[in-house]
Amino acid sequence: SYADGNSAINYLLTVDHSYRVRISNMGIINARNLSYLDFKNQVEALVTRNLPLSGVQFTLHVPSSFMVSIKGEVHKASELTTWALARLSHVIYSNLTEFSSIRNIEITSADGSKRIVDLYKAKRDGDLSQDPYLRPGDTITVQRLQKRVSIEGQVERPGHYRLLQNETLRDLVEAGGVL
């Protein structure tokens with residue numbers, strides 16, 4: 001919303017698969033890889049540059065929904081409906097089998113770029129780069145578990161752990177904090 005003279009203007013912004021967003025007749029912003037706050041700031045700056053006394057206000061009313069694909073070591077390969085502020089962990093856990101690796105998940109974006117994420121690091125260390133927001137057209141491939149161990153006794157975090165191919169039991173014990 002912004003003011004143009006004495007008129008209040010409400011303008012709906014649509015972000016499609018190209019991420020190019022037209023802002024009224026003022027310009028186009030490429031929203032690819034922008035956070036909500038970064039996008040908001042760019043929209044407000046563009047409107048203010050064109051209409052300096054506009055009192056622009058940017059509010060998210062309805063986040064979009066879109067489809068992502070999930071395959072690999074899951075109960076059933078499928079397409080899932082998710083929304084614009086959903087992270088990987090929001091859609092994946094209900095689809096995992098006992099042989100799924102949360103340590104080695106490949107996300108292929110609509111443009112073909114790939115990245116490997118580790119949800120254990122996101123959960124344990126709070127590293128949200130390892131639990132990314134999903135994008136339209138993403139394909140999530142869950143790899144099969146390579147190593148699974150249980151650790152009990154005098155450790156800070158007993159339980160069942162999934163190890164990466166190059167990790168050892170020593171890595172797990174040292175990360176778990178032997179008492």
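Begin with the largest pocket, whose volume is about 1600 Å³. A pocket here is an open set of points on a 1 Å grid over the protein atoms alone, with a 1.4 Å probe fitting and protein on both sides within 12 Å along at least five of seven lines; lining residues have an atom within 4 Å of a point. The model is predicted, with local features requiring pLDDT of at least 70 and side-chain atom pairs pLDDT 80 or more, while totals for chains, interfaces and linings use all residues. Residues are numbered from 1 along each chain, and side-chain values use heavy atoms, without hydrogens or water.

Select Val15, Tyr19, Ala31, Phe39 and Ala84 next: of the 46 lining residues, these are the closest to the pocket centre. Then display helix H1 (36-50) and strand S8 (114-117), the elements that give two or more residues to this lining; helices are DSSP runs of H or I with at least four residues, strands runs of E with at least two. H1 gives the most, with 4 residues. By residue class, the lining comprises 27 nonpolar, 12 polar and 7 charged residues.

Move on to leucine 60, in the loop between H1 and strand S5 (65-72). Leucine 60 counts as partly exposed because its relative accessibility is 40% (buried is under 20%, exposed over 50%, partly exposed in between, with a 1.4 Å probe and protein chains only).

Finally, select glycine 126, in the loop between helix H3 (119-125) and strand S9 (139-144). Its relative accessibility of 48% likewise makes glycine 126 partly exposed. From its C-alpha atom to that of arginine 22, 104 residues apart along the chain, the separation is 35 Å.

Definitions and conventions:
Points joined across faces, edges and corners; volume = space filled by probe spheres on them. Nonpolar A, V, L, I, M, F, W, Y, C, P; charged D, E, K, R; others polar.
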